[in-house]
Amino acid sequence: MKKITIKDLAKLLAVNPSTVSRALKDHPDISLEMRARVKEVAAELGYSPNWQAISFRKRRSRLIGLIIPDMNMYFFPPVIKAIERRVRQEGYNLIVLHSNNQLQGEKDNVDICRHLGVEGLLVSLSTESENLDHLRRFRDQEEAPVVLFDRVKGNAGFPTVVIQDEIATRSAIKHLAERGRKSILGLFGDPHLSISKARLAGYRQALAEFGIPAREDLICHAYSELEAQAAVRKSLLITPRPDAIFAMSDELLVGVMQGLSESRINIPDEIAVIAISDGMAPTFWNPSISFVEHSGTAVGATSASFLFDLIEGRTAEQSRIVPTYLMAKAST
């Protein structure tokens, strides 16, 4: 007779294999009723754990996988450094892969992690990642947790680590409005990303709170420093032109500053500038740029700790929030 497996139990019970596995281990995120039902069916069918496979799995790699969309010089280096530090503290090693901001690249990376037998996965999603079935298959088939961070997809059923993007943006726009700025250019990233959508929503909310009309000619999306630079040049031709600029990331901030520099715009007398930033890029210029701190180090450390808590069954949380702080400098 064929040996009964967790997948067989899952099929009979019409649930995910990971649900069966966790129920058999009395994991707290599985209801008592489901735990009892799984154990009852397992006993009736004579299920017993494959200890050889379990032993192999537990010693198979001691690897953690990290998949990021790209390797820029701003946010991700401190994220990687913080994750690697935490991973090594746990006696694991880290494999870092980037998807080139493409869904197929992300899928290929997940396959690499599966073949290497990673015991947990940290993922910042690509722009194209709308369907996350590849991550669900990895989680369920490998019985390994997946944590999404920074670039996430809402209601996807995965634990997430994020900042409160709307609140961070509202804080930045409020700071400008309280200093009398009324024509605020908002520069946002890829409009398909949840992070861009949330920050744009925060921008609109803050303007509404101060009774400032949201002018569509002052809302721009840019995919690179060069596009941000071009958007700034174009905005300076608008009447009335902006008296402040908000950049939602360090990469866009660099483009903003290049555009203002070549146009010889005085900061903050002619235009105030603020960004959401890890904190390094704002120090490149004189005057220093005001920013809402989005710490890559804090995001990386929180994400790695969350993943290990899930691996060890220490938590049933579905999200962790990394706080942000307004750092007012001379540019506003």
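Predicted model: local features only at pLDDT ≥ 70, side-chain atom pairs only at ≥ 80, totals over all residues.
I started with R181, which is buried but has no salt bridge. I looked for the nearest side chain of opposite charge and got D243, 5.3 Å away.

Next I checked where R181 sits: the loop between α8 (165-177) and β6 (184-188).

Then I asked which backbone oxygens lie by the polar atoms of the R181 side chain. I found the one of D243 at 3.0 Å and the one of P268 at 2.8 Å. So much for D243: its backbone oxygen is 3.0 Å from a polar atom of the R181 side chain, while its side chain is 5.3 Å away.

I count six strands in an open sheet, ordered β2-β1-β3-β4-β5-β11, with parallel pairing. Which strands are at the edges? They are β2 (93-98) and β11 (319-321), each pairing on one side only.

I had a look at the β11 end. Strand β5 (residues 160-162) is joined to β11 by three bridges, and the two run parallel. There I see T160 opposite S319 of β11.

Last entry, at the β2 end: helix α6 (residues 103-116) lies across β1 (63-68), β2 and β3 (121-123). I noted its angle to β2 as about 155°.

Methods:
Residues numbered from 1 in each chain as written. Heavy atoms only, no water. Helix = DSSP H or I, 4+ residues; strand = E, 2+ residues; numbered from the N terminus. Buried < 20%, exposed > 50% of the residue type's maximum accessible area, 1.4 Å probe, protein only. Lys, Arg positive; Asp, Glu negative; His and termini not counted. Salt bridge = Lys/Arg side-chain N within 4 Å of Asp/Glu carboxyl O. Polar contact = N/O pair within 3.5 Å; in protein donor to acceptor, adjacent residues only side chain to side chain. Pairing = 2+ DSSP bridges. Contact = heavy atoms within 4.5 Å. Axes fitted to C-alpha atoms, helices over the stretch in contact; angles between N-to-C directions.
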